[in-house]
Amino acid sequence: MILGSILNPINSSMLAVALIPIGVAFGAPPSETAWLVSGLYLATAVGQPVIGRLVDMYGPRLLYLLGTALVGIAGAMALFAPDLGLLIVSRVLLGFGTCAAYPASMFLLRSEAERTGMRNPGGVLALLSISNQVIAVVGPTFGGLLIGLGGWHLIFAVNVPLALACLVLGALRLPRRSTLRTQPGGGVDLPGMLSFAGMLTAFMLFLMEPGAGHLYLVGVAAVLGAAFAWWELRRPEPFIDLRVLRGNAALLATYGRQVLAFTTSYAFLYGFSQWLEESRELSPSQAGLLLLPLSVTAIIATAIASRNARVRGKLVIGAAVQVVGCVSMLSLHAASPVWLLVLIGGVLGISQGLIGLGNQNALYAQADPDRMGSSAGLLRTFMYIGALLAAAANAAFFRDGATTAGLHGLSVLLAVVAVLLLALTLADRSLRRVGTAER
């Protein structure tokens, strides 16, 4: 479960220190290389709920094996990409391939909890969260080392051995469908998928190139969004069950927190990394090492917080710390001391660890057990919507390069987002009940 679920965060975070070298290799500005980020997240935003629902219907084994095989293929394809366009295509395939492992993991946890009677496997959930947090924040350091050893191609090549390991372990260890309680379904909702993907793509295209001349994209996104909602509310087995969301305000609030939290997390990860390389003139390896404190504090925060089942305190503290970290970025300039760079990364690591664990535990308590796979996939979808917004923000503020002025403008925006996250968390009274008793 852990090896499969880290495929997405490792591919997300390693790229943070590779965007500048890739841009130099292909002669592309940050506004174009940002599609390497957006392409993966558009694919995962659409693919997660689809594959999560398929996991509920057919069990985790087949989807896990197919997904990890696609990861290996996409990694090999990127090694020989002759231009930026084909590299973006490989990232899209990576996005779809990494969609299966997390909903499969949550499905297996729920199945095992029902089999053993352990209704709240908090230790396993914490381990799953810690592993994803570790990889997400160690990824830039690891990516920087790989680039230093053999260039940016190595951050794609690493997917081949990882995928092979997942295939072997999955084939040996994952239970077959006949041993699990799965849910019948009415097939894949292709119109829902297409309208959802079109809505996100149109909105993303506008965010990447905002202006009066592109306002028609907002209209396209609105029309496709309305069509998506109309279709999903009438379909017996929808792509995204909007009726469940409408009747579960607590779960909807968790998804909202996920969008806001990861808009900030990913915008910092990619924006700060590019600023370190371009304005601070550090190498990818050095930039990756400077992001290492992010991983250390995230691990410590997650490990300590996992000892208590209550989630509200985790989320409130995490949101408040995120506000402090975003405001602190306004003090950065090209000659800022290293200790300040390390401190800001460490502060934001605390918030990432607390919020990631808190939202995951909240979802486990709030979701319908019979739709745990699709609900977990949808949690990842909202995380990736946050990542898409982050990519658009970075492209907008770094249109002329990763300058200090652009970083300060980004910091103001992220501080506003973090304040909204804190307000939403404080207003959610349902969080007081999560973790107070076994579900």
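This is a predicted model: local features need pLDDT of at least 70, side-chain atom pairs count only at pLDDT 80 or more; totals for chains, interfaces and linings use all residues.
The protein comprises 20 helices and 0 strands. Its radius of gyration is 20 Å, close to the 22 Å that the globule rule gives for 439 residues, so the protein is as compact as a globular protein of that length. The C-alpha trace spans about 55 × 45 × 45 Å along the principal axes. Of the 439 residues, 59% are buried. When contacts between residues at least 6 apart in sequence are considered, 84% of them join residues at least 24 apart.

Helix α14, formed by residues 249-278, packs against helix α20, formed by residues 404-427. The axes of α14 and α20 lie 10 Å apart, and the angle between them is about 160 degrees. Because angles over 145 degrees count as roughly antiparallel, α14 is assigned as roughly antiparallel to α20. The crossing of the two helices is left-handed. On the α14 side, the contact is made by Ala253, Gly256, Arg257, Leu260, Ala261, Thr263, Thr264, Ala267, Phe268, Gly271 and Trp275. These residues meet Thr404, Leu407, Leu410, Leu414, Val417, Ala418, Leu420, Leu421, Leu424 and Thr425 of α20. By residue class, the contact of α14 with α20 consists of 14 nonpolar, 6 polar and 1 charged residues.

A second pair is formed by helix α4 (residues 30-58) and helix α7 (residues 101-116), whose axes come within 9 Å and cross at roughly 35 degrees. This crossing of α4 and α7 is right-handed. In α4, the residues involved are Gln48, Gly52, Val55 and Asp56, and they meet Pro103, Ala104 and Phe107 in α7. The contact of α4 with α7 divides into 4 nonpolar, 2 polar and 1 charged residues.

Leu422 is located in helix α20, the helix that packs with α14. With neighbours within four places in sequence set aside, Leu422 is in contact with Val316, Ala319 and Ala320. Val338 lies 84 residues from Leu422 along the chain, and the C-alpha atoms of these two residues are separated by 29 Å.

Conventions
Residues are numbered from 1 along each chain as its sequence is written. Side-chain values use heavy atoms; hydrogens and water are left out. Axes are lines fitted to C-alpha atoms, for helices over the stretch in contact, and angles run from 0 to 180 degrees between N-to-C directions. Helices (H or I, at least four residues) and strands (E, at least two) are DSSP runs, numbered from the N terminus. Angles under 35 degrees count as roughly parallel, over 145 as roughly antiparallel, 65 to 115 as roughly perpendicular and the rest as oblique. A crossing is left-handed if the near helix is turned anticlockwise from the far one by less than a right angle, and right-handed if clockwise. Contact means heavy atoms within 4.5 Å. Ala, Val, Leu, Ile, Met, Phe, Trp, Tyr, Cys and Pro count as nonpolar, Asp, Glu, Lys and Arg as charged, and the others, Gly among them, as polar. The radius of gyration is taken over C-alpha atoms; the globule rule is 2.2 Å times the number of residues to the power 0.38. Buried means under 20% relative accessible area, exposed over 50%, partly exposed in between (1.4 Å probe, protein chains only).
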